[in-house]
Amino acid sequence: ASPPAQEALRVIGRLREAGYFAVLAGGCVRDALLGRIPKDFDVATEATPDSVREVFGKRNTLAFGASFGVIGVLPPKAKKGVADQLPSSPDIADSPENAKDKLLPTEVATFRADGNYSDGRRPDSVTYGNAEADALRRDFTINGMFYDPVSAKVLDYVGGLDDLQSKQLRTIGEASRRFDEDKLRMLRAVRFMVTLQLTMEADTMSAIQEHADSLSVVSGERIGAEMRRVMVQTDAPRGLELLVEIGLADQVWPVLKEATWTRLKAAFEKMPTRSFEIAMATTLLVVHSSHAQAVKDLTQLTKRWKLSVAEQRAIASALTHAPSILSCEAIPWSELQPILIDRDIEAIMGTAVSLAETEHANGLSRAREDLQLEPAKLNPPPLLTGTDLIQAGYSSGPHFRLWLMQLRQLQLDGEIRDRDDAFKWVQSQPEV
Ligand code: ATP
Ligand code: MG
């Protein structure tokens with residue numbers, strides 16, 4: 001078992017020793033049965049949050065969602081080995097590989113039954129209950145199973161195993177009531193359909209159609225979080241099409257109603273890497289009839305989904321430059337070069353590849369070849385800088401920027417090759 005799985009099993013073992021029934025719950029059971037690597041391992045137990053804290057000691061726990069009965073149990077501190085005592089440079093200690101190995105707290109949730117829902121997102125109250133009650137409050141049958149590592153048995157009170165076998169997404173209990181309680185479940189349904197390649201059971205589907213408009217009570221940020229996970233799947237276009245079919249598109253991404261699905265599916269099949277930015281740029285360029293419309297939509301989604309500055313920037317660069325790459329046989333080096341040295345070149349190229357008619361589109365070939373250039377050729381240092389101009393006796397001003405830009409263009413296009421010629425060109429400029 002992986003370190004986080006082992007840690008969850010350790011937590012279950014300790015609770016069992018203390019006399020409390022405890023099991024793995026929900027998504028990790030589903031993923032393990034599907035042969036997928038679970039994102040995290042959640043524990044469910046009959047022990048109350050206070051008892052959980054007592055078993056592990058207060059200092060080793062975090063009162064995560066104490067009001068929902070969730071306690072975080074910290075992994076035991078690693079015993080200091082010789083390697084840990086050697087002085088290590090800070091950049092090694094902080095490297096991402098190291099951070100990845102750090103175990104997160106294991107979430108231990110007390111079995112509970114949810115009370116009424118009145119805000120369309122969260123129960124007004126929770127009461128502690130048994131495993132079966134806890135299964136019944138979960139959203140979909142495939143998410144409602146437990147695994148007991150002591151007996152090595154799956155506890156399935158909701159028919160999850162059958163649905164997993166037939167790859168069906170079905171709510172636990174009456175679909176209409178379950179979506180009425182928590183509207184986010186509608187979008188989770190679409191996400192699970194796409195990430196796990198499921199079909200949707202008929203009542204579940206018609207209940208979403210019935211409640212689709214009420215997705216408006218869910219925050220744009222939560223919608224964005226689900227959409228991020230949908231967009232990085234090869235099957236994302238199927239998920240987007242589903243949003244339209246079940247009536248969620250108006251609440252999530254209205255322009256999807258105008259999409260040509262065959263085109264979008266073809267583009268996603270050509271996509272070289274699964275990246276949110278590339279998927280977004282590709283979709284925006286396929287579904288909008290003009291670049292300006294695509295940019296406007298991106299601005300709205302950035303605000304609603306709370307995209308990060310880096311995400312927004314990469315998507316915007318791809319929107320603007322991917323089309324130039326595709327037609328780049330026709331553009332001068334001074335126009336292509338700034339694109340090739342853009343910090344978001346990966347998103348730009350990924351989007352261009354997705355949108356190209358053929359893998360050997362001429363624009364792509366040229367861009368790929370040029371990207372192989374040695375650094376001094378791909379991005380030669382400028383012949384002159386502002387400092388050079390000042391030292392040569394020119395008085396600085398806004399015209400400097402214009403001169404340097406024009407010079408850069410002439411340099412890249414091979415019309416000016418050295419500093420002398422560059423100075424001659426500056427002298428030839430009209431007085432300012
Ligand atoms: P993943 O971790 O891959 O996103 P997951 O199924 O583990 O998938 P989580 O959001 O981690 O999803 O939730 C853990 C479990 O809690 C789910 O499997 C499900 O049983 C339950 N759950 C989560 N969100 C809801 C909800 N909105 N309504 C009812 N039950 C939910
Ligand atoms: Mg999970």
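A crossing of two helices is called left-handed if the near helix is turned anticlockwise from the far one by less than a right angle, and right-handed if clockwise. Helices here are DSSP runs (H or I, at least four residues), numbered from the N terminus. The structure is a predicted model, in which local features need pLDDT of at least 70, side-chain atom pairs count only at pLDDT 80 or more, and totals for chains, interfaces and linings use all residues. Residues are numbered from 1 along each chain as its sequence is written, while chains are lettered from A and ligands numbered from 1 in the order in which they are written.

The mean pLDDT (the predictor's confidence in each residue, from 0 to 100) of the protein is 92, and 94% of the residues reach at least 70. The model has an ipTM of 0.98 and a pTM of 0.89. Residues 89-99 stay under 50 in pLDDT. Where pLDDT is low, the predicted coordinates should not be read in detail.

A helix pair comes next. Helix α15 (residues 261-270) and helix α16 (residues 276-287) have axes that come within 10 Å and cross at roughly 155 degrees; α15 and α16 are therefore roughly antiparallel (over 145 degrees) to each other. The crossing of α15 past α16 is right-handed. Arg263, Leu264 and Ala267 of α15 meet Thr282, Thr283 and Val286 of α16, with contact taken as C-beta atoms, placed from the backbone, within 7 Å.

Further along, helix α21 (residues 362-371) holds Ser365.

Notes:
Axes fitted to C-alpha atoms, helices over the stretch in contact; angles between N-to-C directions. Helix = DSSP H or I, 4+ residues; strand = E, 2+ residues; numbered from the N terminus. Parallel < 35°, antiparallel > 145°, perpendicular 65-115°, else oblique. Contact = placed C-beta atoms within 7 Å.
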